[in-house]
Amino acid sequence: MPSQVRVRRHPLGPVSVEDFSIVDVSTPKPGDGEVLVRNMWTSVDPAIRIRLAAHAPAGYFPAFALDAPMDGILTVGEVVESRADGFSPGDVVWHGYGWREYAAVPAADPLGSLHSLRRLDASIAPLQTYLGPLGGMGLTAYAGLFDVAGLRGGDVVWVSAAAGAVGSLVAQFAKLRGHTVIGSAGSDEKVAHLLGDLGLDAAFNYKHGALEDQLRAASPDGIDVYFDNVGG
């Protein structure tokens, strides 16, 4: 039987396996306007931690209900049965009904545009890429850096939580455009990753001293753009 991961209790402190349960369920039957999807890749991203609390912040996705499927998690899968116009068995799609093996997904998705059912081009990139650079993480990074911040030639960019899901993409986008990029993170291992793997110009562990002093040492002439990933 297919299974689902459900929240059994709201975590207090660090998340543990005891906060979840794996439940065997029947394969769902798609109704009119729905498709049955066999999920292949599902996201594990920082936003999930916020939704594991008893109450999510106002204006955000709602908190996960206890002992219920976890909706609103971006997922990639293959259509195995369709009762919706425009979708056929074999289509690769993304949607917002993750952390389960099979999902009956409405073509007109009430979860919102980011999680709306859509076909993907499986030929241009590995499917899991649609959960990162080609998904919501990449959209947040790209729109925030180029549209909201309005990155200009020669700007010096500081990225907080630069080793995280969005921050690491922001840092790489800025480096690809030829900018000086400084990253901050919360461990020495993450700082080593930023410098060694992502090739940032400077990086520091914000726990190792006053933030303003470390930032000044990394960029004595100041910064032009601050991309904040720790504002909640």
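Is Ala141 buried or exposed at its relative accessibility? At 0% relative accessibility, Ala141 counts as buried, where buried means under 20% relative accessible area, exposed means over 50% and partly exposed lies in between, as computed with a 1.4 Å probe on protein chains only. The structure is a predicted model, in which local features need pLDDT of at least 70 and side-chain atom pairs count only at pLDDT 80 or more, whereas totals for chains, interfaces and linings use all residues. Residues are numbered from 1 along each chain as its sequence is written, and side-chain values use heavy atoms, with hydrogens and water left out.

The chain as a whole comprises five helices and eleven strands, these elements being DSSP runs numbered from the N terminus, with helices (H or I) of at least four residues and strands (E) of at least two. Along the principal axes, the C-alpha atoms fill a box of roughly 60 × 40 × 30 Å. Of the 232 residues in the chain, 44% are buried.

Ala141 is found in helix α2. Once neighbours within four places in sequence are left aside, the residues in contact with Ala141 are Val166, Leu169, Val170, Phe173 and Phe227. A further relation across the sequence is given by Asn229, which is 88 residues from Ala141 along the chain and has its C-alpha atom 9.9 Å from that of Ala141.

The packing of α2 on α3 was examined next. Two packed helices are described by the angle between their axes and the distance between the axes. Helix α2 (residues 136-148) packs with helix α3 (residues 165-176) at an angle of about 50 degrees, and their axes are 9 Å apart; the axes are lines fitted to C-alpha atoms, for helices over the stretch in contact, and the angles run from 0 to 180 degrees between N-to-C directions. The two helices are therefore oblique to each other, given that angles under 35 degrees count as roughly parallel, over 145 as roughly antiparallel, 65 to 115 as roughly perpendicular and the rest as oblique. The crossing of α2 past α3 is right-handed, a term that applies if the near helix is turned clockwise from the far one by less than a right angle, and left-handed if anticlockwise. On the α2 side, Met137, Gly138, Thr140, Ala141, Tyr142, Leu145 and Phe146 take part, and they meet Ala165, Val166, Leu169, Val170, Phe173 and Ala174 in α3. Sorted by class, the contact of α2 with α3 has eleven nonpolar, two polar and no charged residues, with Ala, Val, Leu, Ile, Met, Phe, Trp, Tyr, Cys and Pro counted as nonpolar, Asp, Glu, Lys and Arg as charged, and the others, Gly among them, as polar.

Charged side chains were considered separately. Side chains of opposite charge can pair when their charged atoms come close. Seven salt bridges are found in a search of the whole structure, each defined as a side-chain nitrogen of Lys or Arg within 4 Å of a carboxyl oxygen of Asp or Glu. One of them joins the side chains of Glu78 and Arg38, at 3.2 Å from N to O. Glu78 lies in strand β4 (residues 75-82) and Arg38 in strand β3 (residues 34-42), so this pair ties together parts that are 40 residues apart in sequence. Glu78 is partly exposed, with a relative accessible area of 25%, and Arg38 is also partly exposed, at 32%.

Another salt bridge links Arg152 with Asp155, whose closest N and O atoms are 3.5 Å apart; here Arg152 is exposed, with a relative accessible area of 53%, whereas Asp155 counts as buried at 5%. The side chains of Asp213 and Arg216 likewise meet in a salt bridge, at 3.4 Å from N to O, and both residues lie in helix α5 (residues 211-218), three residues apart, about one turn of the helix. Asp213 is partly exposed at 46% relative accessible area, while Arg216 is exposed at 51%.

Most residues other than glycine have a negative phi. Asp67, although not a glycine, has a positive phi of about 55 degrees, and lies in the loop between α1 (47-51) and β4. Ala161 has a positive phi near 45 degrees and is placed in the loop between β8 (156-159) and α3, where Ala161 is partly exposed with a relative accessible area of 27%.

Terms used
Contact = heavy atoms within 4.5 Å.
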